[in-house]
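Visitor: I'd like to look through this one slowly, if you have the time. Could you start with a single residue and work outwards?

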Amino acid sequence: MKLMRDICGKPGFCAAATWLIVYDGTPCGTIQGISNRRGAGVIQNLGVIAGQRGLGLGTALLLKAMHGFRQSGLGQAALEVTAQNESALRLYRRLGFRCRRTLYKAVDVLAALPAPPAPDVDWWL
């Protein structure tokens, strides 16, 4: 729910492309959309809890968001997805999304490196 509240304050927030699915009083799926400076709709988050996956909720959320973008006058939709998220990639491809570029995120080099081995030399003063 915090995610839903936070997105409302983002520049370009698109209410027509932001949805929450609640089942039996419990949130189980959500999508949030914003518009960017180029006039495209951008999916910020799409998620379905593990126990509700495989039921078509992700498809329904994405289609609602795309219709919302269209109703808001946005003619294109974009998103970013982790390359290892194969189920998400299948969903996006099935609904017509295509990979336009691959991004490599910056990492903290020191945190990514293994700790150096302890030296084999004793130092004496």
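Visitor: What does Leu 46 count as, going by its relative accessibility?

Guide: Leu 46 counts as partly exposed, because its relative accessibility is 23%, and the scale here calls a residue buried under 20% relative accessible area, exposed over 50% and partly exposed in between, with a 1.4 Å probe and protein chains only. Before going on, please keep in mind that this is a predicted model, in which local features need pLDDT of at least 70 and side-chain atom pairs count only at pLDDT 80 or more, while totals for chains, interfaces and linings use all residues. Residues are numbered from 1 along each chain as its sequence is written, and side-chain values use heavy atoms, with hydrogens and water left out.

Visitor: Okay, where is Leu 46 found, and which residues does Leu 46 touch?

Guide: Leu 46 belongs to strand S3, where helices (H or I, at least four residues) and strands (E, at least two) are DSSP runs numbered from the N terminus. Not counting residues up to four places away in sequence, Leu 46 touches Thr 30, Ile 31, Gly 58, Leu 61, Leu 62, Leu 91 and Tyr 92, where contact means heavy atoms within 4.5 Å.

Visitor: Thr 30 is on that list, so let's go there. Is Thr 30 buried or exposed?

Guide: Thr 30 counts as buried, since its relative accessibility is 14%, and its place is in strand S2, which covers residues 26-35. A polar atom of the side chain of Thr 30 lies 3.1 Å from the backbone oxygen of Trp 19. Apart from neighbours within four places in sequence, the contacts of Thr 30 include Met 4, Leu 20, Asn 45 and Leu 61.

Visitor: What about Gln 32, buried or exposed?

Guide: Gln 32 is also placed in strand S2, and it counts as buried because its relative accessibility is 0%. Its side chain is joined to that of Asn 45 by a polar contact of 2.9 Å, a term for a pair of N or O atoms within 3.5 Å in which, within protein, one must be able to donate a hydrogen and the other to accept it, with residues adjacent in sequence counting only if both atoms are side-chain atoms.

Visitor: Switching topic: which residues of H3 are buried?

Guide: They are Ala 88, Leu 89, Leu 91 and Tyr 92. Seen down the axis of H3, these buried residues fall within an arc of 160°, so they line one face of the helix; the arc is that of the directions from the helix axis to the C-beta atoms. An α-helix has 3.6 residues a turn, so residues three or four places apart point the same way.

Visitor: And what covers that buried side, and what is on the face turned away from it?

Guide: The cover over the buried residues of H3 includes S3 and H2. On the face turned away, H3 carries the exposed residues Glu 86, Arg 90, Arg 93 and Arg 94. Just after H3, Gly 96 takes a positive phi of about 100°.

Visitor: Now pockets: what volume does the largest one have?

Guide: The largest pocket has a volume of about 1,200 Å³, and of the 28 residues that line it, the closest to its centre are Ala 78, Leu 79, Glu 80, Arg 100 and Arg 101. On a 1 Å grid over the protein atoms alone, a pocket is an open set of points where a 1.4 Å probe fits, with protein on both sides within 12 Å along at least five of seven lines, and lining residues have an atom within 4 Å of a point. Grid points are joined across faces, edges and corners, and a volume is the space filled by probe spheres set on the points.

Visitor: How much space lies in the second largest pocket?

Guide: About 580 Å³, and of the 25 residues lining the second largest pocket, the closest to its centre are Leu 46, Gly 58, Ser 87, Ala 88 and Leu 91. S3, helix H2 (57-71) and H3 give two or more residues to this lining.

Visitor: Last one: how many helices and strands does the protein chain have?

Guide: The protein chain has four helices and four strands, which run α-β-β-β-α-β-α-α from the N terminus on. Of its 125 residues, 25% count as buried.
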